[in-house]
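Here is a short briefing to read with the model open beside you. Take the topics one at a time and find each residue as you go.

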Amino acid sequence: MERASLTSEVITAPAAPLAREAPHLRRVLGRWDLVLLFVVAVFNLNVVPSIAANGGVTVWLWIISLILFFWPQGIAVIELAHRFPGEGGVYLWAKEVFGDFHGFLSGWCYWTNNMMYVPTIMLYFVGVFVFVLGAGHESLADNKSFALTASLLLLFLLVVLNVLGLGVGKWLNNLGAIGTFVAAIVLIGLGIVIWMRFGTTVTAADFRIPANSRFVLNSFGVICFGLVGLELASVMGDEIANPQKTLPGAVAWGGLLSGLLYIGATLTLLIAVSKSDISVLQGIVQAVGHMASRVGVSWIVAPFAFLLSISIAGIGSAWLGGSARIPFVAGLDSYMPAWLGRIHPKYATPYAALIVHATVSLILVVLNFSFTGAGVQETFQKLLSLAVVLQLIPFLYMFGALLKIAASATFVKGRYGKTTLLLAGFSGFTTTGLGIALAFFPAQQIKSLRSYEIWMFGGTLFFVGLAAFFFFVYGRRKAARKLAAAAAPAPVL
């Protein structure tokens, strides 16, 4: 399997490093490993409460996003993985189609978004796990010290498992997917029972666009964010057994299951809990607890919360491990410190990138708690919104790549024809751009509009500017030093 090309552009990119053999990762992911990985990565119950809190109109947003964003995403992943196989995914695709800097920026945004998304998973885990401790402990989720300590412990566990390798870490991913399935079935099943026995207070009016649509706008970006994940397996391209045969079927099954689960979970939440009472951290367990008490099975709340906690840990493991492959490849390409490209001598995993990722994630949570005065739910929403913007930037490149390939005068059919690529590329690119723009509208949990916009605009500019620094300044200096060392005369003996 080919690796990312190590060639570089004249003037605009650093010179290529000296040739060396790239480390080899192990092929341990089969078809059903991928299907479960897609479910645990794409179907994230943690984003459902923040979306459902905006009412029934979000169901229409789910359907629109599934058609205009998710379907094109599946086409893009299969097509680009077919044309450009290898480790790196969105990084490799943007690099091959648009050039080195665009590849680096795409991979950088994909990685740094997860530095903020993984902490939201940690906070969500805390919000759910307190229900396992029994009644009366729910308020611990809003305690900053408790939330920070529990998040740190979970983050440490996930790093250790992923350093041990996907051969070990994938089992947490798989358990997370199974936990997600069971949790979703329990949630939706209880919703059906409640609807059949007691009816519902949800009416057609709840599915109309509200007079004040400001909060709904933010939901569209979060929905697009919730539907990403199909590209994750291609980021691990060198670790998939027989990827050309395995990937298309896994994408189809994982996408279908995730879409159905999202719509079902949103509808159930709206049936069970008033949208004004939905907590962005505890909404799912709130809904199950409310419905369980109505049908006389309140005992189910604690085991459900435990199962959902396992699911959330699996989500964190999938995104921590998958996105860490980006700086691993970038480290090999010498745009970032070379030590990011190191693999563990025993477990053959990108341990340095994993540790850096976890460290930055922890720092971001501490900064939000300590210096902005934000509560746990507001911190969750701010981290999530900035993660949405950074996460969707690589998808602009991904859909743009489809358009460029299809418009090429030398177009050669890969998996799909020109018309399919043009339609998927245009639909996905337009929807992605809209999702990014709408993420800058604050969600209901945001208390200060001014601090939110400073965080969003400042954070976006900071991370994009940092990418430019690493590529154009750090990378060039590093390449110049290597060339100088290579050109230096050998010492006279």
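Predicted model: local features only at pLDDT ≥ 70, side-chain atom pairs only at ≥ 80, totals over all residues.

**The largest pocket**

- Start with the largest pocket, which holds about 290 Å³ of space.
- Its lining is made up of 19 residues. To find the middle of the pocket, look for Met-115, Val-360, Phe-462, Phe-463 and Leu-466, which lie nearest its centre.
- Three helices each bring at least two residues to this lining: H5 (100-129), H14 (351-371) and H17 (449-487).
- Among the contributors, H17 gives the most, with eight residues.
- The lining of this pocket has 16 nonpolar residues and three polar ones, but no charged residues.

**The second largest cavity**

- Searching the whole structure turns up six cavities of 30 Å³ or more.
- The second largest cavity has about 60 Å³ of space. Twelve residues line this cavity, and Ser-50, Asn-54, Ser-219, Ala-443 and Gln-445 are the closest to its centre.
- Helix H2 (48-52) and helix H8 (214-226) are the elements that give two or more residues to the lining of this cavity.
- H8 supplies the largest share of that lining, namely four residues.
- Here the lining divides into seven polar and five nonpolar residues, with no charged ones.

**Helix H4 and the residue after it**

- Helix H4 runs over residues 90-98 and is mostly covered, with seven of its nine residues buried.
- The buried residues are Val-90, Tyr-91, Leu-92, Trp-93, Ala-94, Lys-95 and Val-97. Notice that Lys-95 is on this list.
- Just after H4 comes Gly-99, which takes a positive phi of about 115°.

**A nonpolar patch on the surface**

- Trp-60, Ile-63, Ile-64, Ile-67 and Leu-68 form a nonpolar patch on the surface. Together these residues have about 450 Å² of accessible area.
- Ile-67, one of the patch members, lies in helix H3, which covers residues 57-83.
- Is Ile-67 buried or exposed? Ile-67 counts as exposed because its relative accessible area is 53%, and the cut-off for exposed is over 50%.

**The salt bridge**

- Side chains of opposite charge can pair when their charged atoms come close.
- A search of the whole structure finds one salt bridge. Its partners are Glu-79 and Arg-83, whose closest N and O atoms are 2.5 Å apart.
- How many residues apart in helix H3 are these two partners? Glu-79 and Arg-83 are four residues apart in H3, so about one helical turn separates them.
- The two partners can also be described by how covered they are. Glu-79 counts as buried, at 0% relative accessibility, while Arg-83 counts as partly exposed, at 25%.

- Asn-44 sits in the loop between helix H1 (31-42) and H2. With a relative accessible area of 3%, Asn-44 is buried.
- Ile-51 belongs to helix H2 and is buried, at 0% relative accessibility. Between the C-alpha atoms of Ile-51 and Trp-62 the distance is 9.7 Å, and eleven residues separate the two in sequence.
- Gly-56 is found in the loop between H2 and H3. Why does Gly-56 count as buried? Gly-56 counts as buried because its relative accessible area is 3%, and the cut-off for buried is under 20%.
- Gly-56 and Ile-271 are 215 residues apart along the chain, and their C-alpha atoms are separated by 9.7 Å.
- Met-456 is in helix H17, the helix that gives the most residues to the lining of the largest pocket. Met-456 is buried, with a relative accessible area of 0%. From C-alpha to C-alpha, Met-456 and Leu-383 are 9.2 Å apart in space, and they are 73 residues apart in sequence.

Notes:
Residues numbered from 1 in each chain as written. Heavy atoms only, no water. 1 Å grid on protein atoms, 1.4 Å probe; cavity = no way out; pocket = protein on both sides within 12 Å on 5 of 7 lines; lining within 4 Å. Points joined across faces, edges and corners; volume = space filled by probe spheres on them. Nonpolar A, V, L, I, M, F, W, Y, C, P; charged D, E, K, R; others polar. Buried < 20%, exposed > 50% of the residue type's maximum accessible area, 1.4 Å probe, protein only. Patch = residues over 30% accessible without salt bridge, like charges linked within 9 Å, V, L, I, M, F, W, Y side chains within 5 Å. Areas by Shrake-Rupley, 256 points an atom, 1.4 Å probe, with all protein chains shown as cover. Salt bridge = Lys/Arg side-chain N within 4 Å of Asp/Glu carboxyl O.
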